[in-house]
Amino acid sequence: MKLFKLITAGALLTSVIAAAAPPAKKLTAQDYIDIKMLSARYAQIIEHCTNKGYDYAALYTPDGEFGGTNDWDVPPKKVSKGPDALATAANGGPGGCGDPEKWMGTGLTHIIVNTVITPTATGASGRSYLVMLGVQQDPTRIVRLGGYQDTYVKTAQGWRFKTRWLVFYSGRSSSDISSSAPQSKQ
Amino acid sequence: MKFPPRRSAPSLGAVLLCAAGSAVAADNMLTPDDYVALQQLDARYAFAIETCTNKGYDYADLYVPDGEFGVASEWGKPPEKILLKGRDALANADGGGPGGCRDPKTLMGYGLTHIIADAVYTATPDGAASKEQLLAIGVGGDPSVIESQGGYESKYVKTPAGWRYVSRLHVFPNMATSVQFGHATPSVRPAPVVQPLTAGEDPAKLVPPKTASHGSLTPQDYMDIEQLSARYAWGVDHCTNNGYDYADLYTEDGEFGIAPDWNTAPKRTIKGREALADIDGGGPGGCRDPKTLRGYGITHIILAPIISPSSTAGTATGTSILLALGVGGKPNVIERQGGYKDVYVKTPKGWRIKTRWHVFPNMATSIQFGKPVQ
């Protein structure tokens, strides 16, 4: 009887939560276009420390954050949050652009493809593949580094990243893009 | 290792001509919502095919209940065999099925990352059709080896649940020489060369706009311009219609040129229909031997298009990233070749390229176009 009450209470709670969850908003075709183009800007801007990295930071909301994680749906343990931290992550920051030769992102092309966008109650979420060309200081070496898991918010300036998490592919880490290339097996 | 020429397959030419011809009349039948939904279906395909989610039924449910998957060796030709039909068969091919997911290491496609690019969508009487490039990374068990695996020809229908595949053909002309499926040896990558930084990006084109305004551009305009660029990738790789399919992507006075950086105009441009058909390997005299062309063997992958309205109505600008696979005559070698910087104009025939600058900062060290490494 006690178990039955617990199950009933649990079921009731679940249905209340489900009923309370706000419905996802409908996205228009223009919303999908804008979100995909936001990600395209990300791919093109990340390679260049324009405006001291603040052009990159401006792709996010003022409280937006970026971080790396090993699994989908698992938040990063550490994030870069806010314009200064994000600009710094893009090799810039208040002090200006760092030496590109010393930045781990130099020489890389971010290939962001297969983006799936889903409407949510607060905006939208997305998942993409991230493939890196030019890893390990070899301009022809390419690997699937992982993917991006995003949340987007529509602001007065247009769509922006609320969060962007780099989800590393199984066994991969940031060291895969910067260490020297192994001897080719080819 | 034999690699099929990319610019001389007559059957592909036929299908491209057919697609290009029908596209002019039928493109307006697909709304921006349709384009978005078709793109999203194709993106979901890439995720689903590599992960046996929901016992493979997430993959199967991208198709109509009696949907088909097959493999063809030539573009525009029916498949030699329909390999899969129906929900259980499709889920099974994804490594799943009623009994659950099998060990992924036992599957032929184990370890592959699918890059699906340059999708061209056309309206058909029954719904829509598309052709797409497929690049696979991680072939032969090496996570850094990439190869072209042809692409897809698909037919879609709009159901009450949304767009679904009626059929999806993997067109795989080079299957016998595939590293993954033909067990061929991948081509040897050349020694790395120093690449200059792609400095000088035009900030005005990259900075996120300060307002959410799209100027005079509608969702249809964005989709049409995106499709124009996708058609470019197919047109430039194949001399169809004697190169005029490529030339007709431009305005009558359209120009192509190569620029050293994002803020410098080309010193010399190719201008007008005849000249543009000529650089595609064609012209009034027909298509030349593709092996004599500098771009022979390349697959163009155009990514991350940013399209911006300009102050003049009916015009727009754009930038994109260009990758080239198959450089240096080596089918498994890929390089970044800068990107494109474009001006588009809306004509009575639709959006066309007014200027396309191939911004190529690393041309001197390019494997395909640079001087040979000593």
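Contact here means heavy atoms within 4.5 Å. By that criterion, the interface of this predicted model takes 52 residues from chain A and 61 residues from chain B. Residues are numbered from 1 along each chain as its sequence is written, and chains are lettered from A in the order in which they are written. Because the model is predicted, local features need pLDDT of at least 70 and side-chain atom pairs count only at pLDDT 80 or more, while totals for chains, interfaces and linings use all residues; side-chain values use heavy atoms, with hydrogens and water left out.

The model scores ipTM 0.81 and pTM 0.84. Confidence in each residue is given by the predictor as pLDDT, from 0 to 100. For chain B the mean pLDDT is 86. In that chain, 86% of the residues reach 70 or more. Residues 1-28 of chain B stay under 50. For this stretch the model has 54 contacts beyond four places in sequence.

Chain A has five helices and six strands. These are DSSP runs, numbered from the N terminus: helices are H or I with at least four residues, and strands are E with at least two. Along the sequence the pattern reads α-α-α-β-β-α-β-β-β-β-α. Of the 186 residues in chain A, 50% are buried. Buried means under 20% relative accessible area, exposed means over 50%, and partly exposed lies in between (1.4 Å probe, protein chains only). Among contacts in chain A between residues at least 6 apart in sequence, 54% join residues at least 24 apart.

The size of an interface is often given as the accessible area lost when the parts come together. Buried area is that loss for two parts, summed over both (1.4 Å probe). Between chain A and chain B it is about 4,700 Å². Carbon and sulfur atoms give 61% of this area. The interface also holds 15 residue pairs in polar contact, both residues at pLDDT 80 or more. A polar contact is a pair of N or O atoms within 3.5 Å; within protein, one must be able to donate a hydrogen and the other to accept it, and residues adjacent in sequence count only if both atoms are side-chain atoms. On the side of chain A that touches chain B, the elements giving two or more residues are helix H2 (29-45), strand S3 (109-119), strand S4 (124-133), strand S5 (142-155) and strand S6 (158-168) of chain A. H2(A) gives the most, with 12 residues. By class, this side of chain A has 23 nonpolar, 16 polar and 13 charged residues. Ala, Val, Leu, Ile, Met, Phe, Trp, Tyr, Cys and Pro count as nonpolar, Asp, Glu, Lys and Arg as charged, and the others, Gly among them, as polar.

A salt bridge is a side-chain nitrogen of Lys or Arg within 4 Å of a carboxyl oxygen of Asp or Glu. Over all chains the count comes to 18. Two salt bridges cross the interface of chain A and chain B. One joins the side chains of B:Arg336 and A:Glu47 (3.0 Å, N to O). Another pairs B:Glu50 with A:Arg144, with the closest N and O atoms 3.2 Å apart. B:Glu50 lies in helix H2 (residues 32-50) of chain B and A:Arg144 in strand S5 of chain A, so this pair joins two chains. B:Glu50 is partly exposed at 24% relative accessibility. A:Arg144 is buried at 7%.

Within chain A, A:Arg164 forms a salt bridge with A:Asp150, the closest N and O atoms being 2.8 Å apart. A:Arg164 is in strand S6 and A:Asp150 in strand S5, so the pair ties together parts 14 residues apart in sequence. Both partners are buried: A:Arg164 has 0% relative accessibility, and A:Asp150 has 1%. In chain B, salt bridges that share partners join B:Asp42, B:Glu132 and B:Arg168 into one network.

B:Gln368 lies in the segment after strand S12 (350-359) of chain B. At 15% relative accessibility, B:Gln368 is buried. Its side chain reaches the backbone oxygen of B:Arg294 at 2.7 Å. The side chain of B:Gln368 also reaches the backbone nitrogen of B:Gly328 at 2.8 Å. Beyond four places in sequence, the contacts of B:Gln368 include B:Tyr296, B:Ile298, B:Glu335 and B:Gln337.
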